[in-house]
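Welcome! Take a moment to look over the sequence and the model before reading on.

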Amino acid sequence: MKKRAQVSVFILLGIIVIAVIGAVAYFYGDQIQNFTRPGTLDASRLEPLKSFVTLCMEESVNEDLINLKKNSGYFNKISSTVIYSGYEINAIVDKSSDVPNKMNSKTGIENEISANVKDVVMNDCDLSDFEIVKGEIKVETDIKDSSVVVKMDYPLVVSKGETSLTVNDFNVIIEDDFGKIYDAVNDIVNAEVNGGFDINEYFLENKDVTVTRTDADNGIIYRIVTDNEEDGFVFGVKNE
Amino acid sequence: MNKLVSFLIIVMFLFSFIPVNVTLVSAQTSNVCCLKNLNGEYCSYTSADNCDLTFDTENKLPLKQSSFACSQVSVCNEPICCVNAEGTCSEKVSRAQCIGQGGTPTSSNSCSAASQCQTGACIINGQCSFPMTQKECELAEEEENAETTFDSSITSLEQCIEKNSLQEGCCVVQDSTCRRTTASECSQISGDFRGGTLCSNPDLAGVCPGIKKETTKQCFNEDVYLVDSKGNKENVAGVNYDGFIHDSESDKIGKVGNCDFSFGTVCGEDNSGQKACIDINCKVGDTFVANGFVQYSFEEGSSTPERIAITNDDLGEREIRYNGESWCMTNTGVDPNPPGTTHYIYSCQLGKVEVSPLGTFRNTICESQIKERVIDGNNVEYENAVRVDNKWDQCSKCGDGKWKKCGRNECLKLGGSLDTEKSQCVYNTGGINECWPKYPPGIDFIGDLTGIPNSKHTFENTCGICGKGSNSCDRTECSYLGDCGNFKEGLSVTEGVLVGAPIGAITAVGAYHFGPGYIKEALSLGFYKAPIAAGAKVSLEKTGTFVAKEAIEWFLPQYLLGKVLGEQGGNKVYQKEGNYYMTGKDTEGNDVVYTAEKQ
């Protein structure tokens with residue numbers, strides 16, 4: 001009898017052990033497999049890298065747009081300026097010059113944004129947390145009416161074990177009325193270099209943008225805003 | 001003396017400025033005219049270190065910096081009109097800036113004189129954009145991947161919209177011809193467009209004389225419209241007349257002429273020959289005129305189109321079939337299809353039941369799927385039938401694989417689906433494990449004039465394989481395999497018992513007495529043991545002589561019989577726990593294990 005009882009205890013213990021092992025395998029099987037399996041990569045593992053690089057691009061483009069609006073389509077001060085309340089505003093129309101139109105073309109601005117994004121991603125965007133091999137970077141910017149689209153082709157190869165994955169397309173769309181504002185600025189500049197700009201007529205024809213004008217010490221300051229861009233784009237017209 | 005001193009002082013004073021001037025000059029000489037500086041500004045007079053020499057990679061400009069002032073450099077001092085890379089034009093820009101930013105300088109210094117800068121309307125996919133240059137329009141075409149048209153004659157957005165609009169109205173041309181057109185069409189014929197106005201509007205009576213409103217009804221697309229006396233479309237039947245066009249969905253909703261194809265109504269002729277919304281679903285009892293069928297009346301001596309009444313059978317045992325719905329039918333309605341069966345796709349097309357035969361010999365058959373669909377707010381069963389190839393010849397391949405045995409899944413899979421409803425092969429569950437075509441192929445027994453059968457099925461490749469696997473061909477299998485003719489069933493079960501039982505008994509007795517041992521064993525239900533082999537005596541020098549006694553059933557390896565004591569004449573003697581065993585042949589020459597006795 002005694003012997004029988006002992007056997008029963010061991011049988012019970014065995015059943016419990018098997019049940020526990022089964023439950024662990026059922027509920028944590030995947031995790032155990034992932035833990036023990038040799039390193040593999042899937043596309044989802046590249047998401048953090050993609051997000052990080054995209055964030056770098058967004059920051060660069062947003063900063064560029066602020067600078068461009070503040071500096072009349074340039075990133076820095078230029079030689080022609082008008083003074084307003086002690087501030088120097090870039091004059092993209094300089095009537096004292098033989099060539100009064102100093103306005104940066106849209107393509108020129110797009111190229112500048114692309115160059116800055118490229119510079120930021122390559123030099124300021126710290127990718128040291130990721131084990132990657134970097135390829136050649138190409139950036140294209142397209143300023144649309146209400147958005148700025150930046151496409152970057154930057155092959156980043158991530159390897160783990162015998163597998164490697166490449167992520168290379170990074171796209172950023174910034175909602176911004178820069179394109180719409182730029183077109184208005186181009187109209188005003190073209191009118192100013194040919195004599196003058198009729199602000200009232202323009203207001204009647206273009207309801208999407210609001211143009212305000214004020215006199216400066218040596219010229220005029222224009223500010224163009226939209227419903228979505230309260231700060232707007234500022235530029236000067238320097239007198240002869 | 002004083003004069004001399006004064007002169008020297010003046011001379012020294014003047015000379016004291018010389019080094020300062022020299023410094024200035026040297027400072028000035030280090031400055032240059034940068035065609036582009038590092039700030040991105042063009043034509044700035046600054047330190048040479050500030051020049052950006054990396055721009056203009058294609059070297060379109062003659063230089064990138066100049067020791068002269070920018071006002072002396074032609075690419076900086078001559079204002080030009082620049083067509084920018086994005087197609088816009090910039091007035092009075094320096095050539096350096098224009099080229100540096102990818103633009104194209106024009107030959108004129110004013111953009112108003114440059115043809116590339118003339119603006120007009122760009123119509124992109126029927127949408128007007130104004131003002132745009134031709135280049136902008138071309139770039140938009142590339143970017144939007146859309147068809148564009150550039151119209152330089154347009155001077156305002158409103159004019160563009162009016163000229164290209166799809167808005168409808170009455171177009172009045174000079175000879176007082178009035179007809180309903182779009183603004184765009186009216187513009188093309190140089191008419192006077194009255195947007196949103198019907199030509200029968202009393203206000204236009206002066207310019208469009210004699211047009212009477214709502215004289216007849218006509219079908220336009222799926223709806224019933226009223227038409228004026230000149231044939232101009234007016235409003236959907238049921239819309240109150242006020243002389244203006246009311247063609248929006250909200251205007252038409254609930255109106256008698258607003259037919260809805262998706263709900264099964266469309267403009268057509270009703271029984272009285274009037275244009276009205278007619279039901280295009282097919283319902284039991286509905287009648288329709290069948291094309292090509294006429295009834296000849298001898299009394300009247302004329303033919304009239306025959307009206308066919310839809311029956312429940314026509315609709316595959318349904319009360320209604322929705323427009324566009326299709327279903328499978330056969331002319332026999334029997335499974336498996338007997339000889340002469342043809343598959344058809346029946347469909348409901350605009351209220352008519354259309355029939356498409358799928359050819360003789362069942363080379364192609366009909367298959368359908370039923371899905372739920374929302375029609376008129378209700379969930380309904382909607383059937384869709386298609387013509388598919390008959391995979392009859394695949395079914396007989398079952399069992400050709402590695403395992404040489406036809407399994408249920410293999411059979412169904414050969415028929416295209418593991419679902420028995422969808423598979424074209426039927427797995428015979430009668431215990432013979434055979435795979436038959438669900439739709440037996442037809443056989444052309446006659447053939448055309450050359451004697452070549454029109455069917456790819458021949459008697460040999462269909463009926464000839466009846467019984468494959470089981471070597472028995474019964475009526476069911478024969479029927480499934482194809483048009484194999486009348487099957488001769490043979491004897492009934494009772495007849496079989498009466499005839500077969502004596503024959504079987506006699507055969508069994510004969511086999512027991514005259515057949516080999518294993519038959520005897522089988523017939524004696526295992527009680528029979530093969531006789532001990534003659535001469536099954538083994539003499540082993542040291543251990544003694546052993547005699548085989550009785551055969552035992554043994555299917556395990558021989559080494560499990562124990563320790564080998566010795567061998568003689570191919571007979572081995574084993575010992576295990578005091579028992580002896582001997583291996584050898586029985587009287588029929590089969591391998592047998594015997595118990596043995598030591599003598």
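Here is a short tour, from the whole chain down to single contacts.

## Ground rules

This is a predicted model, in which local features need pLDDT of at least 70 and side-chain atom pairs count only at pLDDT 80 or more, while totals for chains, interfaces and linings use all residues. Residues are numbered from 1 along each chain as its sequence is written, chains are lettered from A and ligands numbered from 1 in the order in which they are written, and side-chain values use heavy atoms, leaving out hydrogens and water.

## Chain B overall

Chain B has 14 helices and 34 strands (DSSP runs numbered from the N terminus: H or I of at least four residues for helices, E of at least two for strands). Of its 599 residues, 37% are buried (under 20% relative accessible area, with exposed over 50% and partly exposed in between, using a 1.4 Å probe and protein chains only).

Three strands of chain B make an open, antiparallel sheet in the order 2-1-3 (strands pair if DSSP finds at least two bridges between them). Strand 2 (42–47) and strand 3 (65–66) of chain B are at the edges with a single partner strand each, so one side of each has no neighbour in the sheet. B:Cys33 sits opposite B:Ser66 in strand 3 of chain B.

## Salt bridges

Over all chains there are 23 salt bridges (a side-chain nitrogen of Lys or Arg within 4 Å of a carboxyl oxygen of Asp or Glu). In one of them, B:Glu249 and B:Lys252 meet at 3.8 Å, N to O; B:Glu249 is exposed at 57%, whereas B:Lys252 is buried at 7%.
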